[in-house]
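Please open the structure in your viewer and keep the sequence beside it, so that each selection can be followed in both places. The tour begins with the whole chain and then moves from one group of residues to the next.

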Amino acid sequence: MQCRITELRDKEIINVCDGQRLGFVYDVMLNTESGQIVALIVPGPCRILGLFGRTDDYVIPWECIRRIGQDLILIEVGGPYRREKRRKFTVL
């Protein structure tokens with residue numbers, strides 16, 4: 001199966017260990033030397049009623065991905081998720 005990065009944004013990520021729905025892919029991390037995807041980035045959950053932004057993003061390493069389907073991505077993360085603050089993008 002071939003998939004574009006833009007098509008990954010339409011797929012929901014679900015952890016098969018606990019059944020938790022993490023959300024939809026927001027961004028990807030690429031290794032610019034090898035051209036491989038290193039991790040998928042998923043926005044963290046909203047804070048109180050969505051008024052105070054979001055918590056840190058989930059970083060899902062590529063090794064944790066078990067299956068990519070038409071509508072969702074199954075991952076296997078047994079322990080706590082790796083979290084990272086959202087970066088602000090600047091336009092040059």
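The stops below go from the overall layout to strands, side-chain pairs and the core.

**The whole chain**

This is a predicted model, in which local features need pLDDT of at least 70 and side-chain atom pairs count only at pLDDT 80 or more, while totals for chains, interfaces and linings use all residues. Residues are numbered from 1 along each chain as its sequence is written, and side-chain values use heavy atoms, with hydrogens and water left out.

Colour the model by secondary structure, and you will find one helix and eight strands, running in the order α-β-β-β-β-β-β-β-β from the N terminus. Here helices (H or I, at least four residues) and strands (E, at least two) are DSSP runs, numbered from the N terminus. Of the 92 residues, 28% count as buried, where buried means under 20% relative accessible area, exposed over 50%, and partly exposed in between (1.4 Å probe, protein chains only).

**The open sheet**

Next, select β3, β4, β5 and β8, which form an open sheet in the order β3-β4-β5-β8 with antiparallel pairing; two strands are said to pair if DSSP finds at least two bridges between them. At the edges lie β3 (27-30) and β8 (82-84), each of which pairs on one side only. Inside this sheet, look at β4 (residues 37-42) and β5 (residues 57-61), which are joined in the antiparallel sense by four bridges. If you pick A39, its bridge partner in β5 is P61.

**Around strand β7**

Strand β1 (residues 12-15) runs parallel to β7 and is joined to it by four bridges, with N15 standing opposite I75. Strand β6 (residues 65-68) pairs with β7 in the antiparallel sense over three bridges, and R67 has L74 as its bridge partner there. Between β6 and β7, follow the chain through the three residues of the hairpin that joins them.

**Two salt bridges**

How many salt bridges does the structure hold? There are two, a salt bridge being a side-chain nitrogen of Lys or Arg within 4 Å of a carboxyl oxygen of Asp or Glu. Show the side chains of R21 and E12, which meet at 3.0 Å, N to O. R21 counts as exposed because its relative accessibility is 58%, while E12 counts as buried because its value is 14%.

Then move to E76 and R66, whose side chains also meet in a salt bridge at 3.0 Å, N to O. This pair links distant parts of the chain, with E76 in the loop between β7 and β8 and R66 in strand β6, 10 residues apart. E76 has a relative accessible area of 37% and is therefore partly exposed, and R66, with 44%, is partly exposed.

**The nonpolar core**

Finally, select I13, L22, L40, I60, I73, I75 and Y81, the residues with the most contacts inside the largest nonpolar core, which has 15 residues. Such a core is a set of buried Ala, Val, Leu, Ile, Met, Phe, Trp, Tyr and Cys residues joined through side-chain atoms within 4.5 Å. Strands β4, β5 and β7 each supply at least two residues of this core.

End at Y81, which touches N15, D18, Q20, L22, Y58, I60 and I75, not counting residues up to four places away in sequence; touching here means contact, with heavy atoms within 4.5 Å.
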